[in-house]
Amino acid sequence: MEEKKNLIVGQSGGPTAAINASLAGVYCGAKHFGFEKVYGMRFGIEGFLNEKIVDLDETLNSELNIELLKRTPSSYLGSCRYKLPKPEAGNEVYQKAFELLEKYSIDVFVYIGGNDSMDTILKMSEYAKIIGSPIKFVGIPKTIDNDLPVTDHTPGYGSAAKYIATCISEVVRDSNVYDLKSVTFVEIMGRNAGWLTAAAALAKNSFNDGADFILLPEIGLNLKAFINILGNRLNEKNNIVVAVSEGIKDQNGNYISEDEGNVDAFGHKMLSGTAAYLAKKIKSELGVKTRAVEINTLQRAAAHLQSKTDIDEAFNIGFLGVKAGIEGETGVMMYFDRVNDAPYLSIVRKCDISLVANIEKEIPRGWISEDGFGVNEKFIEYAKPLITGELSNIVCEG
Ligand code: F6P
């Protein structure tokens, strides 16, 4: 077997509570499969292009540090939202990138990220083909949004979904406390897909009503009709809780609340203030007490509520991504193929990156309730295994 050179790994896009478990899996996979050096990109591809590169052997060289890393939320290496130009021969950005890959004798390039980050794998692998480079490019999925196609789910979603379900069950308790009419709006991330907002449904059980309404980006909001429905529900029940996605749109497809001034490198508008807008509107229309709770970045680094399933899977998919690289796979993303619900089992496979990059997966309409204000048993069966389990306390030498 030809001598193993070096591997480099980067993290990209928004933080999650599982992204460092995937980094730990990549590092352990690289050591297991015999790579000489394992380098980390500081601040993703953007930092890499400025040669902000660290030697991970200097910090991850013990079982204790690996276990700590798996439990540490948000990107250990730092992250970026950086869109590479179209890969064309002679493009100076790619010339610089491949000079650096040569300088560090990189054999496999691993990138942990979401839809936009897989664009980096797509473009780097395409440029490698143009110049005949043997370097392999492998994507590891990551996002709390759970909106990557092909894969059953993404690392980071299960832990964030567990956090959302917990928050909603606690907000319901809080909102029930006074004998008066109230509506509490809880704004949840997820951009243009409602997977994370739908996790509010997991709060419902025999001793908690859960969210009364779940407003998803997949369903255009008819605000006038919703106000009437809310008014009728308030005749039956004092305290209403509404889980609302940051990305809900009106029936013309316009975001209910966007921060025009803030657009990221991939053209995504910053979404914030949807709950505040609705709370103000409902207060003026129905004259009841309203409150807006914007969970915002709290849902992305909630390590105190990590899902064991999520963390274990995040580690494994990172580890197996290295194996795919060694086996010569390039321009691929690793993904979960769910083979069984109960007992739950997903296996790791690889797919062509062109099936994933820059594509967003929405909740199937058949998993959303008839009236469009909730999700049904199909979603519950899908999501429940993903939020299961807690990590043990660290037990290792050193
Ligand atoms: O992509 C994950 C995500 O958390 C989205 O849910 C959210 O809209 C976006 O990132 C926020 O991006 P940023 O952290 O760049 O403001």
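Tutor: Contact here means heavy atoms within 4.5 Å. The model is predicted.

Student: Leaving aside neighbours within four places in sequence, which residues is Thr 184 in contact with?

Tutor: Thr 184 sits in strand 6, residues 182-188. Neighbours within four places in sequence are left aside. The residues in contact with Thr 184 are then Val 171, Ser 175, Ile 240, Val 241, Val 242, Arg 291 and Val 293.

Student: Is Thr 184 buried or exposed?

Tutor: Buried means under 20% relative accessible area. Thr 184 has a relative accessible area of 7%, so Thr 184 is buried.

Student: Which residue does a cis peptide bond join to Pro 343?

Tutor: Pro 343 lies in the loop between strand 12 (332-340) and strand 13 (345-352). The cis bond has an omega of about 0°. The residue that this bond joins to Pro 343 is Ala 342.

Student: Where is Ser 105, and is Ser 105 buried or partly exposed?

Tutor: Ser 105 is in the loop between helix 4 (92-103) and strand 4 (106-113). Ser 105 has a positive phi of about 50°, although it is not a glycine. Its relative accessible area is 34%, so Ser 105 is partly exposed.

Student: What is the phi of Val 150?

Tutor: Val 150 is in the loop between strand 5 (136-141) and helix 6 (157-175). At 39% relative accessibility, Val 150 counts as partly exposed. Val 150 is not a glycine, yet its phi is positive, at about 70°.

Student: How do helix 4 and helix 5 stand to each other, roughly parallel or roughly perpendicular?

Tutor: The axes of helix 4 and helix 5 (residues 115-131) come within 11 Å and cross at roughly 85°. Angles of 65 to 115 degrees count as roughly perpendicular. Helix 4 is therefore, relative to helix 5, roughly perpendicular.

Student: How many residues of the contact of helix 4 with helix 5 are nonpolar?

Tutor: Helix 4 brings Tyr 94, Gln 95, Ala 97, Phe 98 and Leu 101 to the contact, and helix 5 brings Lys 123, Met 124, Tyr 127, Ala 128 and Ile 131. One residue of this contact is polar and one is charged. The number of nonpolar residues is eight.

Student: Which strands stand at the edges of the open sheet of seven strands?

Tutor: The strand order is 3-2-1-4-5-12-13, with mixed pairing. An edge strand here has a single partner strand, so one side is left without a neighbour in the sheet. The edges are strand 3 (53-55) and strand 13.

Student: What is the bridge partner of Phe 336 in strand 13?

Tutor: Strand 12 and strand 13 run antiparallel and are joined by eight bridges. In strand 13, the partner of Phe 336 is Val 348.

Notes:
Residues are numbered from 1 along each chain as its sequence is written. This is a predicted model: local features need pLDDT of at least 70, side-chain atom pairs count only at pLDDT 80 or more; totals for chains, interfaces and linings use all residues. Side-chain values use heavy atoms; hydrogens and water are left out. Helices (H or I, at least four residues) and strands (E, at least two) are DSSP runs, numbered from the N terminus. Buried means under 20% relative accessible area, exposed over 50%, partly exposed in between (1.4 Å probe, protein chains only). Axes are lines fitted to C-alpha atoms, for helices over the stretch in contact, and angles run from 0 to 180 degrees between N-to-C directions. Angles under 35 degrees count as roughly parallel, over 145 as roughly antiparallel, 65 to 115 as roughly perpendicular and the rest as oblique. Ala, Val, Leu, Ile, Met, Phe, Trp, Tyr, Cys and Pro count as nonpolar, Asp, Glu, Lys and Arg as charged, and the others, Gly among them, as polar. Two strands pair if DSSP finds at least two bridges between them.
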